[in-house]
Amino acid sequence: MRYELYYWPHIQGRGEYIRLALEEGAADYVDVGRLPESAGGGRPGVARMLEKAANGRTPFAPPILRAGKLLISQTANILQYLGPRLGLVPKTEAARFWAHQLQLTMADLVVEAHDTHHPIAKSLYYEEQKAEALRRAENFRSLRLPKFLGYFERVLEGNPGGDARLVGKALSYADLSLFQVISGLDYAFPRLMARMKNEHRRLAALHHAVAARPRIAAYLASSRRLPFNDLGIFRRYPELDGQ
Ligand SMILES: N[C@@H](CCC(=O)N[C@@H](CS)C(=O)NCC(=O)O)C(=O)O
């Protein structure tokens with residue numbers, strides 16, 4: 001199976017959760033958005049997918065995965081599909097729902113991280129909502145992020161398979177996604193995260209361990225991994241990072 005990923009070519013964004021799973025699972029895939037426009041890629045290649053899917057199941061937003069005749073969108077939904085096929089989730093139904101539940105909780109956190117710089121509207125520039133962003137980020141730093149990170153630290157602590165993983169004994173796509181969330185938070189909130197990682201040693205260890213996995217390390221060092229930038233979900237505005 002050669003998978004096709006459709007995602008915006010200029011940012012890691014939500015496409016990155018899918019890329020990490022495909023890379024760790026050594027899947028054969030094409031990152032269509034990063035192909036030249038002349039080869040059907042780029043933003044037009046992704047936009048075409050959002051106009052009208054041939055099967056009538058047009059997705060609302062990327063990331064989108066084409067797997068043969070299947071066209072799947074929503075990040076957590078794609079990972080729920082890929083997990084068993086790439087050996088990135090345990091076999092039991094209970095474990096699969098648990099991994100999906102954790103992924104959806106990460107999706108909630110990702111929205112809140114995005115809203116620190118765009119609390120009013122995606123369609124406005126940061127500078128047009130900076131006052132609200134400062135207030136929102138203060139609340140994120142003092143209440144919301146500690147609540148989310150405290151939760152994931154407790155999940156690691158309570159995992160019967162060991163505190164190095166979120167689900168069971170082996171690496172799952174939920175671990176890869178938590179790695180990506182922490183990487184993004186490190187980029188956007190370096191001061192805050194230095195403190196947070198001291199207080200959440202299991203999260204810090206998981207982040208480190210995933211980065212060191214051979215396939216992930218090779219991917220991170222490759223040109224397939226886009227750098228963080230000021231267009232994505234995680235953006236570095238020092239004034240939002242507190243003191
Ligand atoms: N809940 C969806 C969110 C998808 C989403 O917001 N995609 C962004 C890029 S990361 C987008 O292009 N959104 C267009 C829009 O919301 O109008 C998911 O997790 O996949």
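**Notebook: strands and rings**

I began with Arg66 and found its bridge partner in strand S4 to be Leu71. I keep in mind that this is a predicted model.

Next I looked at how the two strands meet. S3 and S4 (residues 70–73) are antiparallel and share four bridges. They make a hairpin with two residues between them, and Gly68 in that turn has a positive phi of about 65°.

Which strand joins S3 through three bridges? I found S1 (residues 2–6), running antiparallel to S3 (residues 64–67). On that side, I noted Leu65 in S3 as the bridge partner of Leu5.

Then I turned to the rings. My search of the whole structure gave five aromatic pairs. I took Tyr126 and Tyr237 to begin with: their ring centres are 3.9 Å apart and their planes are at 10°, so I logged the pair as stacked. Tyr126 sits in the loop between helix H4 (93–117) and helix H5 (130–158), while Tyr237 is in the segment after helix H9 (214–220), so this pair ties together parts 111 residues apart in sequence. Are these two tyrosines, Tyr126 and Tyr237, buried or exposed? Both are buried.

My next pair was Phe140 with Phe189. Here the centres are 5.4 Å apart and the planes at 35°, so I called the pair tilted. Phe140 belongs to helix H5 and Phe189 to the loop between helix H6 (173–188) and helix H7 (190–199), so parts 49 residues apart in sequence are tied together. I found both Phe140 and Phe189 buried.

Two more entries to close the page. Tyr187, Phe228 and Phe234 are linked into a cluster by ring pairs. I also saw the charged end of Arg43 over the ring of Trp8, 4.5 Å from the ring centre.

Key:
Residues are numbered from 1 along each chain as its sequence is written. This is a predicted model: local features need pLDDT of at least 70, side-chain atom pairs count only at pLDDT 80 or more; totals for chains, interfaces and linings use all residues. Side-chain values use heavy atoms; hydrogens and water are left out. Rings of Phe, Tyr and Trp (its six-membered ring) pair if their centres lie within 6.5 Å; planes under 30 degrees apart count as stacked, over 60 as edge-to-face and the rest as tilted. Buried means under 20% relative accessible area, exposed over 50%, partly exposed in between (1.4 Å probe, protein chains only). A charge sits over a ring if NZ of Lys or CZ of Arg is within 6 Å of the ring centre and within 35 degrees of the ring normal. Two strands pair if DSSP finds at least two bridges between them.
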